[in-house]
Amino acid sequence: MVRVLVVDDSPVDRKIVEMLLKKSGRMFEVIAVDSGEKAMEVLGLSEVKIGRPQFNDQKIDVVLTDYCMPQMTGYDLLKAIKEHDSLKSIPVVMMSSENDPQRISRCGGIGAEDFILKPLKVKDVQRLRTYAVPRTPISKSGTKRKLPVDLVAKNSGYCQRVAKVAVA
């Protein structure tokens with residue numbers, strides 16, 4: 001199961017994203033919030049405590065955030081995630097209804113995985129799957145981590161690829 005944190009101030013857009021992800025199979029578990037501040041709480045980056053269940057103990061595998069939001073923008077959230085050592089490996093995918101090349105470049109420059117134009121479509125969910133690599137639990141011994149391994153063609157032979165790193 002891949003946990004996706006969806007951040008969008010528009011209830012309609014949030015619901016569309018949530019429905020598309022949930023209908024794409026049992027691959028996604030969706031946690032939806034309406035602001036960058038609430039996303040920070042879910043990620044455990046906020047000291048503000050609200051009288052509702054906290055998700056800080058859950059590991060988020062992908063963050064899908066709107067760019068334009070009041071108070072804290074999606075860009076600010078992206079920046080906060082990428083500046084935090086324990087979170088910077090989480091893929092962040094930006095969404096916007098505006099196709100602004102400068103905005104797209106700016107987000108990519110600080111680590112956004114992708115930039116999707118709203119409204120989200122089924123083909124965009126397929127793109128999200130490429131970033132959605134669920135975290136695997138630490139093995140019983142506590143010293144090794146089980147990582148997915150797939151074969152990648154390299155010249156005429158093959159090499160093993162583990163977590164985006166080619167190993168000879």
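Strand 1 and strand 2 pair in the parallel sense, over 6 bridges. The model shown here is predicted. Together with helix 1, these two strands make a right-handed β-α-β unit.

**Strands and the unit they form**

- Within the strand pair, V6 stands opposite A32, a residue of strand 2.
- In a regular strand, side chains alternate between the two faces of the sheet.
- The right-handed β-α-β unit is made of strand 1, helix 1 and strand 2.

**Nonpolar cores**

- The largest nonpolar core has 25 residues, and those touching the most other members are L5, V7, L43, V63, L77, M94 and C107.
- Two or more residues of this core come from each of strand 1, strand 2 (28-33), helix 2 (36-42), helix 3 (74-83) and strand 4 (92-96).
- Helix 3 gives the largest share of this core, 5 residues.
- Leaving out residues up to four places away in sequence, L77 touches V7, G36, A39, M40, L43, V63, T65 and M72.
- Another core, of 18 residues, lies apart from the largest one and includes V2, L120, V125 and L128.

**Salt bridges**

- How many salt bridges does the structure hold? There are 10.
- Side chains of opposite charge can pair when their charged atoms come close.
- One of the salt bridges joins the side chains of K118 and D8, at 2.9 Å from N to O.
- K118 lies in the loop between strand 5 (114-117) and helix 5, and D8 in the loop between strand 1 (2-7) and helix 1 (11-23), so this pair ties together parts that are 110 residues apart in sequence.
- K118 and D8 are both buried.
- Another salt bridge is formed by the side chains of E18 and K22, at 3.3 Å from N to O.
- E18 and K22 are 4 residues apart in helix 1, so about one helical turn separates them.
- Is E18 buried or exposed? E18 is buried, with a relative accessible area of 17%, while K22 is partly exposed at 46%.

- D124 is a residue of helix 5, which covers residues 122-131.
- D124 counts as buried because its relative accessibility is 3%, and buried means under 20%.
- Which residues does D124 touch, not counting those up to four places away in sequence? They are I116, L117 and P119.
- A polar atom of the D124 side chain lies 2.9 Å from the backbone nitrogen of K121.
- The side chain of D124 also meets that of R127 in a salt bridge, at 3.4 Å from N to O.
- R127 is partly exposed, with a relative accessible area of 31%, whereas D124 is buried.
- R127 and D124 both belong to helix 5 and are 3 residues apart, about one turn of the helix.

Notes:
Residues are numbered from 1 along each chain as its sequence is written. This is a predicted model: local features need pLDDT of at least 70, side-chain atom pairs count only at pLDDT 80 or more; totals for chains, interfaces and linings use all residues. Side-chain values use heavy atoms; hydrogens and water are left out. Buried means under 20% relative accessible area, exposed over 50%, partly exposed in between (1.4 Å probe, protein chains only). A polar contact is a pair of N or O atoms within 3.5 Å; within protein, one must be able to donate a hydrogen and the other to accept it, and residues adjacent in sequence count only if both atoms are side-chain atoms. Contact means heavy atoms within 4.5 Å. A salt bridge is a side-chain nitrogen of Lys or Arg within 4 Å of a carboxyl oxygen of Asp or Glu. A nonpolar core is a set of buried Ala, Val, Leu, Ile, Met, Phe, Trp, Tyr and Cys residues joined through side-chain atoms within 4.5 Å. Two strands pair if DSSP finds at least two bridges between them. A crossover is right-handed if, with the strands pointing away from the viewer, the path from the first strand over the helix to the second runs clockwise.
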